[in-house]
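Please find below my comments on the model under review. They are set out as numbered points, to be read alongside the sequence and the structure.

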Amino acid sequence: MTLEATSPGANYGSTASGSSFYAAMRILPHDQREAMFQIYSFCRQVDDIADSDGPRTERLAALQEWRNDIDALYQGNPPPRLKDYVGSVKTFGLKREDFLAIVDGMEMDVPQDIRAPDMATLDLYCDRVASAVGRLSVRVFGLPEEDGIQLAYHLGRALQLTNILRDIDEDAGLGRLYLPREALLHAGITSDDPNRVIAERALPKVCLPLTQRAKAHFEKSDEIMNRNKRRTVRAPRIMSKYYHSILDLLIARGFNAPRQPVRVSKVTRILILLRYAFI
């Protein structure tokens with residue numbers, strides 16, 4: 001599950017405060033909250049590298065440095081920027097492979113901008129930049145192993161598909177197009193030029209099936225959360241309801257140009273918090 005949804009690509013946002021992530025995480029006990037903000041910080045830093053306008057070779061090298069630092073952390077020699085992570089890794093059993101998967105996901109945008117990936121590549125991208133974050137997060141939240149992995153799988157994909165659908169125009173401005181090639185071809189769109197694709201009249205035929213895919217993942221994640229203790233799933237539930245509200249707004253607005261940005265109202269955000277934060 002992604003941690004925020006205000007910037008392109010993997011969507012970790014420019015600040016934690018004021019975000020849906022911050023609202024969901026501040027309700028956690030101290031140790032859990034600290035671990036989640038460490039995960040957020042890690043995602044934010046590698047996301048900033050991937051989304052920067054620096055030379056691609058330099059960005060690739062910077063991401064490799066993060067891989068090396070993660071390896072050092074798990075070998076018992078944490079670098080300065082990861083010293084605070086030692087306790088969280090031990091306390092919550094955070095997995096090295098999940099941190100590395102996040103870096104791999106960020107790197108998918110670096111050698112060249114993603115443009116109309118096939119569905120398998122898109123799913124891999126969602127797994128790395130969203131569900132891998134979820135696999136770290138559910139360990140912090142304390143979900144049972146199997147349910148935690150399944151929640152990370154479904155909610156991560158639901159959130160990331162919602163991000164992609166919301167940020168079509170913003171991503172195109174960066175030369176990126178995350179809509180799957182199969183869906184574009186099915187709608188009769190043969191170009192992978194982001195600016196041409198977002199102007200296509202057939203774009204809703206591409207987007208609406210993705211909204212249904214996202215809704216199905218939300219439904220599966222709800223099933224998992226419903227069978228777990230409410231206190232354990234407070235934070236992911238808040239994130240889920242917030243993003244589902246975004247998806248509903250996108251569906252109501254439609255995907256024909258011009259597309260006005262959608263925002264969850266302050267009242268809706270407060271109602272979500274009141275319903276799910278205080279248990």
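1. Helices (H or I, at least four residues) and strands (E, at least two) are taken as DSSP runs and are numbered from the N terminus. The model is a predicted one, in which local features need pLDDT of at least 70 and side-chain atom pairs count only at pLDDT 80 or more, while totals for chains, interfaces and linings use all residues. Residues are numbered from 1 along each chain as its sequence is written, and side-chain values use heavy atoms, with hydrogens and water left out.

2. Overall architecture. The protein has 13 helices and zero strands. Its C-alpha trace spans about 50 × 45 × 30 Å along the principal axes.

3. Of the 279 residues, 55% are buried; buried means under 20% relative accessible area, exposed over 50%, and partly exposed in between (1.4 Å probe, protein chains only). With contact defined as heavy atoms within 4.5 Å, 72% of the contacts between residues at least 6 apart in sequence join residues at least 24 apart.

4. Nonpolar core. A nonpolar core is a set of buried Ala, Val, Leu, Ile, Met, Phe, Trp, Tyr and Cys residues joined through side-chain atoms within 4.5 Å. The largest one holds 85 residues, and Met25, Phe42, Val46, Ile102, Leu179, Leu184 and Val206 touch the most other members. Helix α6 (residues 119-141) gives the most to this core, with 11 residues. Beyond its neighbours within four places in sequence, Phe42 is in contact with Trp66, Ile70, Tyr85, Phe99, Ile102 and Val103.

5. Salt bridge of Arg176. The whole structure contains 18 salt bridges, each being a side-chain nitrogen of Lys or Arg within 4 Å of a carboxyl oxygen of Asp or Glu. Arg176 and Asp51 form one of them, at 2.6 Å from N to O. Arg176 lies in the loop between α8 (168-173) and α9 (181-186) and Asp51 in helix α2 (residues 30-51), 125 residues apart. Arg176 is buried, with a relative accessible area of 3%, whereas Asp51 is partly exposed at 26%.

6. Salt bridges between helices. Asp71 pairs with Arg96, the closest N and O atoms being 2.7 Å apart. Asp71 lies in helix α3 (residues 56-74) and Arg96 in helix α5 (residues 96-107), so this pair ties together parts that are 25 residues apart in sequence. Arg96 is partly exposed, at 35% relative accessibility. Asp222 and Arg237 form a further salt bridge, with closest N and O atoms 3.8 Å apart. Asp222 belongs to helix α11 (residues 203-226) and Arg237 to helix α12 (residues 234-253), 15 residues apart; both residues are buried.

7. Surface. The accessible surface comes to about 12,700 Å², of which 50% belongs to carbon and sulfur atoms; areas come from the Shrake-Rupley method with a 1.4 Å probe, and for residues only the protein chains shown count as cover. A nonpolar surface patch comprises Val267, Ile270, Leu271, Leu274 and Phe278, with about 540 Å² of accessible area together. Patches are made of residues with over 30% relative accessible area and no salt bridge, like charges being joined within 9 Å and nonpolar side chains (Val, Leu, Ile, Met, Phe, Trp, Tyr) within 5 Å. Phe278 is found in the segment after α13 (266-276) and is exposed, with a relative accessible area of 62%.
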